[in-house]
Amino acid sequence: MSDATVYGLCSAVLVGLGLFGLIVHPELLRKILAFNLIGGGVFLLFGVVARRGAAAGFGGDPVPQALVITGLVVAFAATALAVALLRRLFQETGRTTLRSDG
Amino acid sequence: MSLALDLLTILAVSAGVFFFLAGTVGLLRFPDALSRLHALTKADNLGLGLVVLGLVFQEERLFAALKLITVWLLTLLAGATVTRLIARNARPAGPRG
Amino acid sequence: MVFDIGLALLIVAVAVWTIAARDTFAAVIGFVAFGLLLALAWVRLAAPDVALTEAALGSGVTGVVLLGASTRLRHAEISAADKKPGAMLRAAAAVLCTVVSAGLAAIVLVLPHPAPTLAPQAAANMAATGLGNPVTAVLMAYRAIDTLLETVVLLLALLGLWSLTPDPFWGGLPGRRHHDDPDGVLTFAAQLLVPVGILVGIHIFWVGSVAPGGEFQGATILAAMWILAAMAGLVDAPPVSRRWLRLILVAGPAVFFTIGLAGFAMADGFLAYPESHAKLLIVMIEVPVTLSIAATLALLVAGPPERMPQQ
Amino acid sequence: MAEFLLAAAGFVLGMVALGLVRILWGPGDADRIMAAQLLGTGGIATLLLLAEAMHVPAAVDVALTLALLAAFVSVAFVKGSAGSEADGA
């Protein structure tokens, strides 16, 4: 088992954990947090693929690494937008969940 | 020469790591927030300083050494500021009022 | 190897805490710790460029956005926390997520040998750009269209955020006005940290052509320094309707797009650079793009407008 | 030398892990922010040691970024946990 495989297994666990949080947490902010954990796991998997693809004198394949940088920036933009939506929902309805019966 | 420098690095880094241990023990064992704050910031910033000192012995370029020292100074400044702010907030809720 | 296993276990432990913590504020601290540890993992995976982005954006700035939301919603969260789904649903979710994790783990274990890689193509492309950092070369030349679209996505996210402005504050100032620190500690620290931080941000941006770093990382640090100055009450956000502000926001993507179009005339297609001037053109794109990204990120953190200039 | 520095990095990381217990215990926000502060300092030390042990000078830049951002996040944490009443004053 190589070093990269260790992080690969770690990323698999992260995706599962994040998915669990996304399903069971009723609060939207916790769902956003969980979604970011899934993102972290997926990006880490890209990192593992990049590390395994080390060639041409590079420590890792630069193409997946560049994709992860792009992905991190987009994930941040999505998080900021989601948080703004949540705050507006709270202003309008006083709720922080999507349940209408609460 | 290089052996002497290596020895200095090992000494300084070991001492630095020891202070991290001390800081963590304080964080875990001290009874109230203010004394934990005391243990943590003093020990850890000293620990980081010693680690930086040890690594400076390994640097050949001046710029790289200066960068290491900048990292430490930034951490000191941040630590001092945040500690002060936490202490101000922790005091009303603290054990002695 | 031992180090990596320890780090991976620690990352998983912090992730569990982020999901399981009762208090959202504690969960957000867990998430910031998670990002910090991931930055270490990226260094171990020989991806310092990603480590920089993770440390600055993934952990730091994202953490601040989530933290702001958690403190504003704190009282509401406490009442909502009682309405957890039933045991059956939780068990079913646990089973589903275990299956997903196991599937991914199995895929990781059977990844092909030798691993497929685009590194040789990226290396061949890098020689033509005059850049020394392969990741920057990929972002600015080999896959430049992705980067162009990304700057547009950031702008769209900001437009979406602004469109959530309550009617009376349309075109107003984002976020709350922070006042000077009563005993001046924060003001003092910000006055020292912000100039140093701006220097570091420019440094990280500038070394990006030859060493790990680049426009996204540099821009994130610049944005963070502006927000720090705002939190210390040193500066205030401008009203979002200001024309100069909007010019800064669109300058980066506009220059990027224009030089991309010029590629039809100067070289052989959209976003193609003539080999003799490739590096110059890339720097001409990167400077306004960095400024635009920094402004966009800072405004995304500041949130929708909440007050008018007179107040 | 590299092995020694890597071991030192691992040890500091272990201390960081123990500090996490403090986050789990709480009880107050102050303790949690302090634990985050410990994570920042320890993470920076680990990065600097890794930079030298793995011969990745760029990791020092990561540490520099982390030092700046740790200050930034900690200030935001303190302002946030002080609550809206302290902020509005």
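Let's start in the middle of things: the largest nonpolar core has 207 residues, and C:Leu228 and D:Leu48 are the ones with the most contacts inside it. A nonpolar core here is a set of buried Ala, Val, Leu, Ile, Met, Phe, Trp, Tyr and Cys residues joined through C-beta atoms within 7 Å. Buried means that 20 or more other C-beta atoms lie within 10 Å of a residue's own; with 12 or fewer it is exposed, and in between it is partly exposed, the C-beta atoms being placed from the backbone. Helix α3 (residues 58-81) of chain D gives the most to this core, with 18 residues.

Before going on, keep in mind that this is a predicted model, where local features need pLDDT of at least 70, side-chain atom pairs count only at pLDDT 80 or more, and totals for chains, interfaces and linings use all residues. Residues are numbered from 1 along each chain as its sequence is written, while chains are lettered from A and ligands numbered from 1 in the order in which they are written.

Now look at C:Leu228 itself. Leaving out residues up to four places away in sequence, C:Leu228 touches C:Ala190, C:Leu193 and C:Val194, along with D:Phe72 and D:Val75. Touching, or contact, means C-beta atoms, placed from the backbone, within 7 Å of each other.

Step back to chain C as a whole. Its secondary structure comes to 12 helices and two strands, and from the N terminus the order is α-α-α-α-α-α-α-α-β-α-α-α-α-β. Helices (H or I, at least four residues) and strands (E, at least two) are DSSP runs, numbered from the N terminus. The C-alpha trace of chain C spans about 65 × 60 × 35 Å along its principal axes, and buried residues make up 50% of its 311 residues. The domain assignment, which is automatic or from a database, gives domain 1 (1-81), domain 2 (84-116) and domain 3 (118-311). Domains 2 and 3 of chain C have C-alpha centres 37 Å apart.

Chain C also meets chain A, in a contact that takes 80 residues from chain C and 71 residues from chain A. On the chain C side, helix α3 (residues 48-72) gives the most, with 13 residues.

Last stop: B:Phe18, in helix α1 (residues 2-29) of chain B. B:Phe18 and B:Gly47 are 29 residues apart in sequence, yet 7.2 Å apart in space, C-alpha to C-alpha.

Notes
Contact = placed C-beta atoms within 7 Å.
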